[in-house]
Amino acid sequence: MGLGTFKTGWQNQTKAFGHDRGSKYSCLILDNRGMGESDKPIMRYSTSEMAKDTLEVIDHVGWKSTRQLHVIGVSMGGMIAQELALIVPDRIASLTLASTAARLVNTIGYWENLRNRINMFIPKSPDAQLADIKGRMFSQSWLDAPDARGGFPTNGDRYAAMELMKRQDAEGFTRKGFICQAVAAGWHYKSAEQLQELGDRVGRERIHVMHGTVDNMITLPHGETLAKELGGEAAGVTKTIVDGRGHVLHLEEEERYRQLLERLVEEVERLDSS
């Protein structure tokens with residue numbers, strides 16, 4: 001998952017895959033170091049070390065076969081997924097990189113970029129925090145739409161309740177953990193040459209890059225660059241740009257997201273059986 005997020009952020013997708021389709025899929029989700037139920041050491045975090053954390057969990061479960069892993073990473077999780085794929089490329093069956101980047105660059109202007117980064121760490125009232133987070137993470141149209149599950153007036157209200165509950169977990173959500181994760185995401189860097197290697201070793205037909213056009217956390221040019229430097233669509237990389245959606249595509253486009261993941265799984269299964 002992404003910066004400052006618990007593994008429960010995947011719950012709608014893990015229900016769809018691990019429960020509703022449990023005879024076909026097994027899901028493994030985890031809290032990255034610094035959040036939730038994982039340890040929160042005070043040290044320099046990096047996406048490469050967090051990928052090693054992930055691999056230790058995968059190995060512990062026993063998923064060690066060739067082309068066994070369908071890896072899905074969102075935001076910082078997508079950065080970790082890049083690192084994981086470079087460590088064990090032959091074990092990657094498919095790689096979905098959503099709302100993420102090979103490296104963070106300024107695409108919105110120096111002062112706005114500086115203000116946005118500083119605002120992430122300035123203490124605010126709960127209402128101000130929620131307003132800021134929702135604006136960064138979601139499209140306004142999704143926030144204003146009625147809650148599909150019926151428990152809240154709008155999607156935005158449901159997300160606010162979930163975010164408040166997370167932030168009230170004094171042991172799971174800590175400022176030190178958030179800052180350490182932010183350092184890892186902020187210093188993540190994969191060069192064009194490293195992405196070329198990733199595409200070569202994993203196989204471009206196994207890679208899917210997804211991004212929303214109104215992502216205010218990691219802007220669309222990051223996704224465009226990532227797809228291009230992995231080799232581009234002409235070389236086999238799948239790229240999906242979701243018009244009018246923000247940073248959290250697995251919530252904003254829940255059903256479409258699931259369909260895209262299943263399609264990729266089916267495609268690589270045919271590839272591996274041929």
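A salt bridge here is a side-chain nitrogen of Lys or Arg within 4 Å of a carboxyl oxygen of Asp or Glu. By that definition, Arg 21, Glu 255, Arg 258 and Glu 262 are linked in a network of salt bridges. The search of the whole structure returns 23 salt bridges.

On the source: this is a predicted model, where local features need pLDDT of at least 70, side-chain atom pairs count only at pLDDT 80 or more, and totals for chains, interfaces and linings use all residues. Residues are numbered from 1 along each chain as its sequence is written, and side-chain values use heavy atoms, with hydrogens and water left out.

For burial, buried means under 20% relative accessible area, exposed over 50%, and partly exposed in between, with a 1.4 Å probe and protein chains only.

Start with helix H2, residues 47-61, where Glu 49 and Lys 52 sit three residues apart, about one helical turn. Their side chains form a salt bridge at 3.2 Å, N to O. Glu 49 is partly exposed at 31%, and Lys 52 is partly exposed at 42%.

In helix H5, residues 126-137, Arg 136 and Asp 132 are four residues apart, again about one turn. Their N to O distance is 3.1 Å. Arg 136 is buried at 9%, while Asp 132 is partly exposed at 24%.

Which residue does Arg 167 pair with? Glu 163, with the closest N and O atoms 2.8 Å apart.

How values were computed. Helix = DSSP H or I, 4+ residues; strand = E, 2+ residues; numbered from the N terminus.
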